[in-house]
Amino acid sequence: MVLAGTLSVQFGSAVAALLFPRAGALGTVALRVTITAVLLLAVCRPRLRGYGRADWSVAGAYGIALGGMNILFYQAIDRIPLGPAVTLEVLGPLLMSVVATRRAAGVLWAGLAFTGVLLLGRDGFDRLDPAGAGFALGAGAMCAAYILLGSRAGRRFPGLDGLAVAMTVSALMSLPLGVGSAGATLLEPGVLGLGLAVALLSSGLPYTLELLALRRLSAPVFAVLTGLAPAVGALAGFLVLGQELSAAQCLAVVLVVAAGAGAVRAGTPRSPGGRRARPRDPGSVRRG
């Protein structure tokens with residue numbers, strides 16, 4: 001699920017690049033988040049009764065993390081290349097994994113992924129715009145919060161209800177900024193069409209998959225898997241665009257993939273008989 005979500009985001013980022021000249025970074029975020037919120041509300045029809053103040057606080061904070069992550073990341077890639085921006089962003093979740101993990105193996109896998117991510121991005125760090133790098137690091141902090149809060153929301157809300165509520169909060173954050181930046185351009189048919197594609201590829205599908213994955217994986221393990229993003233981007237550039245990979249980048253891809261596999265294996269609990277226990281069925285997760 002994490003890998004599929006990562007692939008979807010990569011294609012969504014390519015489509016988003018087509019929108020930037022017409023709607024700008026803030027307009028693109030507003031379209032992406034708002035369209036996703038409308039689709040989720042229409043499909044999920046979340047139940048709004050029966051929740052306490054703590055539940056709504058988690059959903060609201062989850063939405064703020066979502067909105068902040070998207071706004072800051074799009075501000076970053078409007079100023080610096082995508083590769084370094086993704087690399088800086090995933091440092092936040094990886095650092096969170098090191099802090100949150102309670103096993104030596106978890107720290108090892110996070111460190112391995114950290115090394116791989118730095119190797120992947122080192123060639124693009126020269127002459128980076130300081131503001132762009134700052135926005136990317138801020139997006140990384142929001143991404144770490146998104147992972148932790150998404151895990152909590154998945155336990156408190158059934159199905160995709162928590163994601164639908166959080167995405168609505170995110171839309172309320174993003175839409176005024178997008179309208180103020182792009183104005184009536186957001187209503188042009190061509191812009192709306194590209195916005196729908198970005199919403200489905202960059203938000204609707206990956207966030208759904210990630211929420212389901214967070215019900216099967218611990219937050220530190222999931223954070224290590226975010227290191228797959230720059231590795232997938234590098235491989236996609238090689239396979240699709242013919243962009244050559246250096247020996248260091250090839251080693252980096254191997255390190256990140258190995259770290260992801262090791263983190264998942266180390267984070268899967270064992271049953272009393274010694275075999276690894278099967279993850280819980282998401283349908284069995286009830287609101288706490």
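View 1. Helices here are DSSP runs of H or I with at least four residues, strands are runs of E with at least two, and both are numbered from the N terminus. This is a predicted model, where local features need pLDDT of at least 70, side-chain atom pairs count only at pLDDT 80 or more, and totals for chains, interfaces and linings use all residues. Residues are numbered from 1 along each chain as its sequence is written, and side-chain values use heavy atoms, with hydrogens and water left out. Of the 288 residues, 49% are buried (under 20% relative accessible area; exposed is over 50%, partly exposed is in between, with a 1.4 Å probe and protein chains only). Now take contacts (heavy atoms within 4.5 Å) between residues at least 6 apart in sequence: 88% of them join residues at least 24 apart.

**View 2. Here's the largest nonpolar core, with 69 residues.** A nonpolar core is a set of buried Ala, Val, Leu, Ile, Met, Phe, Trp, Tyr and Cys residues joined through side-chain atoms within 4.5 Å. Helix 1 (residues 2–44) gives the most to this core, 13 residues. Tyr74 is among the members that touch the most others. Skipping neighbours within four places in sequence, Tyr74 is in contact with residues including Phe20, Val29, Arg32 and Val198. In soluble globular proteins, nonpolar side chains tend to be buried together.

**View 3. Arg22 and Glu188 join up in a salt bridge.** That means a side-chain nitrogen of Lys or Arg within 4 Å of a carboxyl oxygen of Asp or Glu. For this pair, the N to O distance is 3.5 Å. Arg22 sits in helix 1 and Glu188 in the loop between helix 6 (161–182) and helix 7 (189–214), so the pair ties together parts that are 166 residues apart in sequence. Arg22 is partly exposed at 41% relative accessibility, and Glu188 is partly exposed at 33%.

**View 4. Asp55 and Arg156 make another of the two salt bridges found in the whole structure.** Their closest N and O atoms are 2.7 Å apart. Asp55 belongs to helix 2 (residues 53–77) and Arg156 to helix 5 (residues 130–156), so this pair links parts that are 101 residues apart in sequence. Asp55 is buried, with a relative accessible area of 4%, while Arg156 is partly exposed at 24%.
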